[in-house]
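Subject: Handover of a structure

Dear colleague,

Please find below the structure that I am handing over to you. My notes on what was found in it follow directly after.

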Amino acid sequence: MTPDEAARSLEGLSLQDLRKAWRQQGFGAPPKLRAPDLLRRCLAWRIQTRAYGGISSALRRRLRGEGRLGDGLETGARIVREWAGVRHEVEVMEGGGYLYAGRRWTSLSPIAFEITGTKWNGPAFFGLRQKGRA
């Protein structure tokens, strides 16, 4: 049975049967959900991600609101900062990350360190955070 067929086979199962299926799949104790539809969806997700892989850690952070792509900037946006009389330009890349000095970076903070030689909050260094904002 394919993972998709296994997920479809959950339709119509009772809450007790879904909990039993959860254990049989080797996922340990099932969550204490009382809504069969929600448990069914969670179980189908677990079966499919085990077979096909889950979402990337970068997307997981974005979904949680952490490390938003370009701090809300669209792909192709350019972030400019002058430091010690030198203009520094960073481009927001498709799929996440930044292009600076011919290299791809996953975060603005190491770019700020590269420029200044000291640790900075990258978005703050590039003026993307207002004062007093965490």
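Helices and strands in these notes are DSSP runs (helices: H or I, at least four residues; strands: E, at least two), numbered from the N terminus. This is a predicted model, in which local features need pLDDT of at least 70 and side-chain atom pairs count only at pLDDT 80 or more, while totals for chains, interfaces and linings use all residues. Residues are numbered from 1 along each chain as its sequence is written, and side-chain values use heavy atoms, with hydrogens and water left out.

Overall composition

The protein chain contains 6 helices and 4 strands. Their order along the sequence is α-α-α-α-β-β-β-β-α-α. Of its 134 residues, 27% count as buried; buried means under 20% relative accessible area, exposed means over 50%, and partly exposed lies in between (1.4 Å probe, protein chains only). The accessible surface of the chain is about 9,100 Å², and carbon and sulfur atoms contribute 50% of that surface. These areas come from the Shrake-Rupley method with a 1.4 Å probe, and for residues only the protein chains shown count as cover. Among the contacts with a separation of 6 or more, 28% join residues 24 or more positions apart, a contact being heavy atoms within 4.5 Å.

Helices α2 and α3

In helix α2, which covers residues 15-24, the buried residues are Leu-15, Leu-18, Ala-21 and Trp-22. They lie on the same side of α2, because they cover an arc of only 120° around the axis; the arc is that of the directions from the helix axis to the C-beta atoms. An α-helix has 3.6 residues a turn, so residues three or four places apart point the same way. The other side of α2 carries the exposed residues Gln-16, Arg-23 and Gln-24. The buried residues of α2 pack against α3. Just after α2, Gly-26 adopts a positive phi of about 85°.

Buried in α3 are Leu-39, Arg-40, Leu-43, Ala-44, Ile-47 and Thr-49. These buried residues pack against α1 (3-8) and α2 (15-24). Just after α3 comes Gly-53, with a positive phi of about 95°.

Salt bridges

There are 5 salt bridges in the structure, each being a side-chain nitrogen of Lys or Arg within 4 Å of a carboxyl oxygen of Asp or Glu.

Asp-37 takes part in a salt bridge with Arg-40, in which the closest N and O atoms are 3.6 Å apart. Both residues belong to helix α3 and are 3 residues apart, about one turn of the helix. Arg-40 is buried at a relative accessible area of 11%, whereas Asp-37 is partly exposed at 39%. Asp-37 also forms a salt bridge with Arg-41 (2.9 Å, N to O). Asp-37 and Arg-41 are 4 residues apart in α3, again about one helical turn, and Arg-41 is exposed with a relative accessible area of 56%.

Arg-78 is exposed, at 52% relative accessibility. A network of salt bridges links Arg-78, Arg-87, Glu-89 and Glu-91.

Most residues other than glycine have a negative phi. Which loop holds Ala-84? Ala-84 lies in the loop between β1 and β2. Its phi is near 55°, a positive value in a residue other than glycine, and Ala-84 is exposed at 72% relative accessibility.

Ala-101 is not a glycine either, yet has a positive phi of about 55°. Ala-101 is placed in the loop between β3 (98-100) and β4 (103-105) and is exposed, with a relative accessible area of 63%.

Yours sincerely
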